[in-house]
Amino acid sequence: MCSPSIIAAFDFDGTLTVSDTLMAFIRFTHGRCRLILGLLRYSPWLLLMKCGLYPNWKVKEKVFAHFYKGTSYRQFKKWGSEFADVAGTMLNRKGVERLQQHLAEGHTVCVVTASIEEWVRPVCVRLGVGTVIATRIEVSRDGILTGRFQSPNCYGKQKVTRLLEIYPQRQSYTLYAYGDSRGDDELLAFADKSFLFVSGDVSRGRG
């Protein structure tokens, strides 16, 4: 009898990396001072989000638009490729080790993240992961970023929805899921075996 297929789904920020890559990417493309000024401008919305009074995706889109609306997609994608060197210094060793174990055992591995695909995919390619499920950005017909998201922010329930779009036959595979934050709760609950990273290390599992 054949063993069931195994899919391992990894969050990116805080799971495969040690910290949030959105802030690091903005700092990479705009510098530390402009990052701080931008965050100060949106601090009321960020505070409301932390208190659960304003949607996560709306704040993220506002911040994203502030820094990247009007940018050419070609330039943005170039930044994403170049940022891979920076992100490489942010990798969480324990998370990457788990990912490599799954790859070595022949499992299907994917990254499911709320971060933007253009800076996540180059890092995943280096790690040997071809399937990236991430937040997609809207680009105008003339190749300019509108500042809006083309897809819903890949956070919370959206992680499960997007995963099932690619792997719909849920009963045909065993799902491992790795995450570190509230945005991963639904994916972790949906998995057969789930693992939570705390301070860069796996603290507990289910199943």
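The model is a predicted one, and each value given here was computed from it.

**Strands**

Strand β1, which covers residues 5-10, takes part in two pairings, one with strand β6 and one with strand β2. The table sets these pairings side by side, together with a pair of residues that stand opposite each other in each.

| Strands | Sense | Bridges | Residues opposite each other |
|---|---|---|---|
| β1 (residues 5-10) and β6 (residues 173-179) | parallel | 6 bridges | isoleucine 7 and leucine 175 |
| β1 (residues 5-10) and β2 (residues 108-116) | parallel | 4 bridges | alanine 8 and valine 109 |

In a regular strand, side chains point by turns to one face of the sheet and then to the other.

**Nonpolar cores**

The largest nonpolar core holds 41 residues, and within that core Phe64, Tyr68, Phe76 and Trp119 are the residues that touch the most other members. When residues up to four places away in sequence are not counted, tryptophan 119 is in contact with Thr21, Leu22, Phe25, Phe76, Gly80 and Phe83.

Leucine 40 belongs to helix α2, which spans residues 32-41. Is leucine 40 buried or exposed? Leucine 40 counts as exposed because its relative accessible area is 54%, whereas the cut-off for that term is over 50%.

Methods. Residues numbered from 1 in each chain as written. Predicted model: local features only at pLDDT ≥ 70, side-chain atom pairs only at ≥ 80, totals over all residues. Heavy atoms only, no water. Buried < 20%, exposed > 50% of the residue type's maximum accessible area, 1.4 Å probe, protein only. Core = buried A, V, L, I, M, F, W, Y, C linked by side-chain atoms within 4.5 Å. Contact = heavy atoms within 4.5 Å. Pairing = 2+ DSSP bridges.
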